[in-house]
Amino acid sequence: MRVALVAESFLPHMNGVTHSLLRVIDHLAARGDDVLVLAPRTAELPATVGGVNVEGVPSFALPAYRNVRVATVTRNRIAKSLRAFRPDVVHLASPFVLGWQAMIAAERLDLPTVAIYQTDVPAYAARYGFPFAEALLWQHVQRIHQRSTLNLAPSSYAVRQLREHQIDRVRTWVRGVDSARFSPAKRDDAWRELVAPNGERIVGFVGRLAAEKQVEDLRVLATLQGVKLVIVGDGPQRARLEQLLPTAHFAGFLGGDDLARAVASFDVFVHPGESETFCQTIQEAMASAVPVVATGRGGPVDLVDSSRTGWLYSPGNLHELRERVADLAGDTAKRLAFASAAHTAVRDRSWSSVCDALVEHYREAIELHAERPIAGWRAAAPARRS
């Protein structure tokens, strides 16, 4: 198979979209597929990843968030790249600006597209102080996904979001977890002593330090006795959060084994963000045998079995967030039971099986594209349930 991956976000910026794409690239390359990546150009963008060619397209950095780049390439330029590569299918990773241009280019070339809904951009607008833009942004998301041959969403919440916005041909495609990398065996007592020298229970968060993650909600944990809050990650809100959470330990961005060691060394993992379509860091915590306290909205609802692998609290109820964390931090027997259940729940979610499912979705998109009527097929195509 020949697959063009169009990445709205890619290296060197690591986030959920980049992480998923790297696993997909590894899988497709191992299968012997021919792959091309189109991504926003930066000085650090690699020419190849895992033996796969990466083609950078013109882009600019957002002034307030330099890691986020917006592509400025034309659809004609994308069409030229696609025409030269001759893909069987075009994979649009979290499409918005670059993905929209690639969608139009693929239509011109009569190519099937698979659009991956992964980032709730409209919800981000409200978090960044532009609630009036949410409806307009959803109109753009609709345009992209209504025109795609097939749409993939990572959770029941994300599937429901798309269907509520009159988007059909939606399937569920979850994410895998690297259980060799994220493992309870990575727990490190020396690291724990470094960040919690008084023997406190470590309650950790991992993620981008940006408005949509709602990390400021964790201030309700600051006065919990015997608890040390650890924040792993970086982003535009770090300085503000360091002021709001003066007793927390800020570890900065961690990757590779450093991240795996930190996560496995937590006693409780906490995630307050309400805009997650999935939340990969929750899976990584569970694979590390760490129970989770997360908001009961979005992707975490599918991941956390409340009262068995962790707790879900009512969105916005910070008193409940505090009580749920205190419950697990203060009850060793319950915490260990939840930890064991969390580890068991995700141990079979390999990236290999998840990417095999993705290849089947590619095949379905190719078949749907071949079977479509000459005109009006998008409006007429039946909505097949996941």
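This is a predicted model: local features need pLDDT of at least 70, side-chain atom pairs count only at pLDDT 80 or more; totals for chains, interfaces and linings use all residues.
Serine 94 sits in the loop between β7 and α3. Is serine 94 buried or exposed? Its relative accessible area is 9%, so serine 94 counts as buried.

Between leucine 11 and proline 12 the bond is cis, with omega near 10°. Proline 12 is placed in the loop between β1 and α1. As background, most residues other than glycine have a negative phi, and most peptide bonds are trans.

I turn now to the interior. In soluble globular proteins, nonpolar side chains tend to be buried together. In this model the largest nonpolar core holds 33 residues, and the members that touch the most others are Leu5, Phe10, Val24, Val37, Val114 and Tyr362. Which elements give two or more residues to this core? They are the strands β1 (2–7), β2 (34–40), β4 (52–57), β7 (89–93), β8 (113–116) and β9 (150–153), together with the helices α1 (16–31) and α14 (351–371). Of these, α14 supplies the largest share, namely eight residues.

Leucine 5 shows how such elements come together. With neighbours within four places in sequence left aside, leucine 5 is in contact with Leu21, Val24, Ile25, Val35, Leu36, Val37, Leu38, His91 and Tyr362. Another core lies apart from the largest one; it has 30 residues, among them Leu254, Met286, Ala287 and Ala342.

Next, the sheet. Six strands make up an open sheet with parallel pairing, in the order β13-β12-β11-β14-β15-β16. From one strand to the next, the twist averages 20°.

Let me follow some of the pairings. β11 and β12 run parallel and are joined by six bridges; phenylalanine 205 has isoleucine 231 of β12 as its bridge partner. Two bridges pair β11 with β14 in the parallel sense, and here glycine 204 is partnered by phenylalanine 269 of β14. β11 is mostly covered, with five of its six residues buried. Strand β12 (residues 227–232) is also joined to β13, by three bridges in a parallel arrangement. There, isoleucine 231 has phenylalanine 250 of β13 as its bridge partner. Helix α12 (residues 318–330) packs on this sheet, where it touches β11 (201–206), β12, β14 (268–271), β15 (292–295) and β16, and its direction makes about 170° with that of β16.

Finally, the helix pairs. Two packed helices are described by the angle between their axes and the distance between the axes.

α12 packs against helix α13 (residues 332–346) at an angle of about 100°, the axes being 5 Å apart. α12 is therefore roughly perpendicular to α13. Asp327, Leu328, Ala329 and Gly330 of α12 make this contact with Thr332, Lys334, Arg335 and Phe338 of α13.

α13 has a further packing partner in helix α10 (residues 280–287), at an angle of about 115° and with the axes 7 Å apart. This pair, α10 and α13, is therefore also described as roughly perpendicular. The crossing in which α10 passes α13 is left-handed. What makes the contact between α10 and α13? Gln283, Met286 and Ala287 come from α10, and Ala342, His343, Ala345 and Val346 from α13. Met286, Ala287 and Ala342 are also among the members of the 30-residue core.

The last pair is helix α2 (residues 75–85) with helix α3 (residues 98–108), whose axes lie 8 Å apart at an angle of about 60°. α2 and α3 are therefore oblique to each other, and their crossing is right-handed. On the α2 side the residues are Arg75, Asn76, Ile78, Ala79 and Leu82; they meet Leu98, Trp100, Gln101, Ala102, Ile104, Ala105, Ala106 and Arg108 in α3.

Thank you for your attention.

Terms used. Residues are numbered from 1 along each chain as its sequence is written. Side-chain values use heavy atoms; hydrogens and water are left out. A nonpolar core is a set of buried Ala, Val, Leu, Ile, Met, Phe, Trp, Tyr and Cys residues joined through side-chain atoms within 4.5 Å. Buried means under 20% relative accessible area, exposed over 50%, partly exposed in between (1.4 Å probe, protein chains only). Helices (H or I, at least four residues) and strands (E, at least two) are DSSP runs, numbered from the N terminus. Contact means heavy atoms within 4.5 Å. Two strands pair if DSSP finds at least two bridges between them. Axes are lines fitted to C-alpha atoms, for helices over the stretch in contact, and angles run from 0 to 180 degrees between N-to-C directions. Angles under 35 degrees count as roughly parallel, over 145 as roughly antiparallel, 65 to 115 as roughly perpendicular and the rest as oblique. A crossing is left-handed if the near helix is turned anticlockwise from the far one by less than a right angle, and right-handed if clockwise.
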